[in-house]
Amino acid sequence: MSIRVRFAPSPTGDLHVGGARTALFNWLLARKHGGTFVLRVEDTDGARNTAEAAAGILKGMRWLGLDWDEGPDVGGDCGPYFQSQRKDLYDAYFKKLEDAGRVYAEPDGAMRFKFSRTAITVHDLVCGDVTFAPTEEPDMTIRRLDGSYIFHFVNVVDDIEMRISHVIRGEDHLSNTWKHIDLFNAFGATAPTYAHIPLILNPDGTKMSKRDEGSAIEHSYMHAGFLPDAVFNYLCMLGWTPKAESEKLSRAELTALFDADAIHSSNAKFDLKKAQWFNAQYLRELSPADLLQHARPFLTASGLQWTDDAMAAAAVHSVREKVSLLTELPEWVHYFFREDFPFEADVVTKLKAKPENASLLKAASDQLAQAAEWTEQSVHDAVEAAAKALSVKPGAMMPLLRFALSGQSRGPGVTTIAHLIGKEKTISRIQRATAEALCA
RNA sequence: GACCCCUUCGUCUAGCGGUUAGGACACAUCCCUUUCACGGAUGCGACACGAGUUCAAUUCUCGUAGGGGUCGCCA
């Protein structure tokens, strides 16, 4: 039997980390076994669903690289993939229940499913066998008076129709799974294999909701400067530990290692710091061109412009080990792109305290101006020569040059900055710094 | 209230009867270093509690406490 899994979000809001990880695990199971990953939009609640939310969820899925084999935009043999377009099918299944005498009407017309009221055991890959005693709950409503159907009903019908073999979903569904099995039984269908995964909690242990930090994929990750691979990797580590030496694993490795049986059964708290650590790891491995590609929207958003991509790529690449999020990049590289960068006040104060700094800078500038070629090595040699002539260490000159060239007291190597901006700008920036910041 | 799931360093976790209880993130210190980082080293730091089973429990069983979830004409 081929493996067919599905991710079935309800478009009531943005893609949430919990949902993203659910989708992720389903995707991993499908990819590992060469199965099919279905995306089904559960939009039966017209009052709460919006087209924007549906589009947002698809966008988030694509960003994370969770491609689906059947679903919106790609189609498939079991469509349509929006529940709002499957009413005829639901009516037909409802008729089956009606013929079997398993439904009855409420006074107002809503329809209820008559529970079997027998003990029902859920065979769960994560939680083991969980048996629910014959229920004393009221029979559940499956069709509203307006004729639309309720989640439990459509969810089961679609899982049957779409031949879903495994259902990996949040543990919040475990308590209702017996109702689904009761429905599968009523239809004479075999229930899929279940795997209820633990929930992702806030750092304080409370349930993570849409408003919480780190909850929305688009807002907290896409726009916050995360790389899809890093988020993908981090989310996997929440509730599952691959049998591997490192926690940093590629999609291919994660796919090969995936084992639904090994998913934990206890909830996990979200840790933004660790997510950022993963991001920093992935950021550093990017080639200059790839890094620039990811950084571009963040750079332009902060007003930086350039015409030379190679130079821009080299600039961001030079600070790749200093940031953990793409959003931090602009403040680290802005001076590569403009001549009117600000001089940080506290650095100015510090450097002004020593009057001799101005002459030191002048000496360095004169020496650099004489450089025949312009490489990191030649810049280094020029600074060293200037320092030697004045009997000071090169280390005394570097902070001054860094300040003159960037307005800051931290950043990539001074020689790297000088080399990248070129000789002309190096000299003019030193003049500007001397005139605007270091003059008495 | 009823039912269900869960419980190892601050966090994510390894462990599947006998371990100096291991790793990662975070934090601290040191080293490296023209800055900031990176990297390296070291340190800090946990088996919720109580019974039982056993020669031996973090590991098995039960109970207690705590956390989470479900009980909708939401999904």
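Leaving aside its neighbours within four places in sequence, which residues is Arg86 in contact with? The legends below belong to a predicted model, and the first of them takes up this question.

**View 1. Arg86 and the loop between helix H2 (51-64) and helix H3 (87-99).** Once the neighbours within four places in sequence are set aside, Arg86 is in contact with Cys78, Gly79, Pro80, Asp158, Glu161 and Met162. Arg86 has a relative accessible area of 5% and therefore counts as buried, since the cut-off for that class is under 20%. Cys78, one of its contacts, is also classed as buried, because its relative accessibility is 8%. Pro80 is found in the loop between H2 and H3, and the peptide bond that leads from Gly79 to Pro80 is cis, with omega near -5 degrees. For comparison, most peptide bonds are trans.

**View 2. Two residues with positive phi, Arg117 and Ser391.** Most residues other than glycine have a negative phi. Arg117, although it is not a glycine, has a positive phi of about 55 degrees, and it is found in the loop between strand S4 (111-113) and strand S5 (120-124). Ser391 has a phi near 60 degrees, again a positive value in a residue other than glycine, and its place is the loop between helix H15 (376-389) and H16. With a relative accessibility of 34%, Arg117 counts as partly exposed, whereas Ser391, at 68%, counts as exposed.

View 3. Among the atoms of RNA strand B within 4 Å of the protein, 71% belong to sugar or phosphate, and the rest belong to bases. Glu171 places a polar side-chain atom 3.2 Å from a sugar or linking oxygen of RNA strand B. The elements that give two or more residues to the surface near RNA strand B include strand S6 (128-132), helix H4 (151-161) and helix H9 (272-285). The largest share, four residues, comes from H9. Sorted by class, this surface has 15 nonpolar, 19 polar and 22 charged residues.

**View 4. Cys127, a cysteine in no disulfide.** A search of the whole structure finds zero disulfides. For Cys127, the nearest cysteine sulfur is that of Cys236, which is 19 Å away, whereas a disulfide would need the two sulfur atoms within 2.5 Å. Cys127 has a relative accessible area of 27% and is partly exposed.

**View 5. Phe37 in strand S2 (residues 36-39).** Phe37 has a relative accessibility of 0% and so counts as buried. Phe37 and Asp159 are 122 residues apart in sequence, and their C-alpha atoms are 13 Å apart in space.

**View 6. Chain A, with its 18 helices and 11 strands.** The C-alpha trace of chain A spans about 100 × 45 × 40 Å along its principal axes. Chain A has a radius of gyration of 30 Å, whereas a compact globule of 440 residues would have one near 22 Å. Buried residues make up 52% of the 440 residues in this chain.

Conventions. Residues numbered from 1 in each chain as written. Chains lettered and ligands numbered in written order. Predicted model: local features only at pLDDT ≥ 70, side-chain atom pairs only at ≥ 80, totals over all residues. Heavy atoms only, no water. Near = heavy atom within 4 Å. Polar contact = N/O pair within 3.5 Å; in protein donor to acceptor, adjacent residues only side chain to side chain. Nonpolar A, V, L, I, M, F, W, Y, C, P; charged D, E, K, R; others polar. Buried < 20%, exposed > 50% of the residue type's maximum accessible area, 1.4 Å probe, protein only. Rg over C-alpha atoms; globule rule 2.2 N^0.38 Å. Contact = heavy atoms within 4.5 Å.
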